[in-house]
Each structure stands twice: as C-alpha cells, then as structure tokens.
Amino acid sequence: MFITLEGPEGSGKTSQIPRLADALRAAGYKVLTTREPGGTLIGDQIRKVLFDLGNKAMQPRSEILLFQASRAQLVDEVIRPALAAGEVVLCDRYADSTMAYQGHGHGVDLAQLAELVRFATGGLKPDLTLFLDIKPKDGLRRRDADGNWNRLDDYDAEFHERVYGGYQKLIAAESQRWEVVDATRTPDEVAADLARKTLARLQSKERLV
Ligand code: TYD
C-alpha cells in the first residue's frame, strides 16, 4: 500500500513519519519511508538545487520540472520496487504537493501540471494520503523556530495561503483518498491519530483482498 503525507510548512510530517513507520512495524507490516524531493542519490542532488537560498532566479517552470525529475527517479528506483515486494511505502510529500504548491500556489495551469505529474509518476497514485492540518501562519511560525528555513519557505504569506486553499480543493475532489489529521495538537496525540487512521485503512484494504 502506497501512503503519502501532505501538509503546509511546519505541519510536523517529517518528525511524524518515523513514528508512524514504527507503529505500522509493531503491527507486523514491512515499511519503507522516503521523501520528496529526494529519496534517491539523484533526487537528493536535485533537492539541493531546489532549496538553495542562492537560487532566487529559479523560474516556476524550472522548479516544476526539477520536482518531477526527482519524483520520476524515486518512483522507479524506490517506490515501485518496494510496492512490488509487498511493503507499505510512506512518502513525505508526493504529487499533491505539486498541485498545491506549483498549481494553486504559483497559479500554473492545473490540467498541464496533472499531465506532467502523470508522466513523472507513470500514473502511480497513492492509496491513502494523510493531511496534517495546520494553518499556514502557525506552521511557518514553527518552521522559523526550528531553524530549517529554505528557499521555498521564503515565498510570501499569500502564497502559503493559496497552497493551503489548494489542499482543501484536492481533498474535496477525492475525499475517499484522504484522511485529515489535526496537526495543532501535541506530537503524541498526532502520532496516535495517524497510526489509528492508517491501521484502519490497511486493515480494511486487507479485508477487500
Ligand atoms: P521540506 O524541507 O521537505 O519540508 P516539509 O515537507 O516538511 O515542508 O520541504 C519541501 C518543500 O518543497 C516544501 O516547501 C514543499 C515543496 N514542494 C513543492 O513545492 N512541490 C512539490 O512537488 C514537492 C514534492 C515539494
């Protein structure tokens, strides 16, 4: 089963993923965790280019294609083989980030973007997407406090508001694929909720097989 985590900056996805992986392993699942952009040697090099605070001249179209290049590499090199081996794959961000950030955030044509994403992923879609829900201004405050500021966090507050609104549209359009988790609670509460919702989905999928 292919599970992705999405959310605004500072929603805590990255610290929750290892905890969720542990909870699933404790329930007997074989789990692989990865992240975007990156997750492969080639993807990690692309990640450096994308996040470099010196790359202020990065054009939206270049940014889009770099994200897709990293994603294509990750899908073929890591995600598809793990799924074929029966593992649960947990991925920190995936195609919905492109639709939310480049589409709704930068205003790039959504149909064109969806086509690029299909090309990059070869059509691989998540079975479940967990949305860690926090308002952008609260998330950015956390991000600022933890010192992990990068070039993409540097976009203005309205950009992050549009991204958040974009996620709401993506969730509404495909509500059965998403689980929304309130990320403003304590890390322990968020971890417990993520584990409960994910295990319920895994078990109901098994009943269908
Ligand atoms: P990262 O440092 O991995 O942190 P987090 O996921 O915790 O926010 O940042 C990933 C950044 O890349 C984030 O600003 C969202 C952005 N992004 C896109 O704009 N489009 C994409 O397709 C992906 C995968 C990420």
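**The ligand and its shell**

Student: How far does a polar side-chain atom of Thr98 lie from an oxygen atom of the ligand?
Tutor: First, a word on the source: this is a predicted model, where local features need pLDDT of at least 70, side-chain atom pairs count only at pLDDT 80 or more, and totals for chains, interfaces and linings use all residues. Residues are numbered from 1 along each chain as its sequence is written, and side-chain values use heavy atoms, leaving out hydrogens and water. As a polar contact is a pair of N or O atoms within 3.5 Å, the Thr98 pair qualifies, with a separation of 2.6 Å.

Student: How much of the ligand does the protein bury?
Tutor: Accessible areas here come from the Shrake-Rupley method with a 1.4 Å probe. Taken alone, the ligand exposes 550 Å². Of that area, the protein buries 94%.

Student: Which helix gives the most to the shell around the ligand?
Tutor: Helices are DSSP runs (H or I, at least four residues), numbered from the N terminus. Helix 1 (13-26), helix 2 (41-51), helix 3 (60-84) and helix 4 (95-105) each supply at least two shell residues. With four residues, the one giving the most is helix 4.

Technical notes:
Polar contact = N/O pair within 3.5 Å; in protein donor to acceptor, adjacent residues only side chain to side chain.
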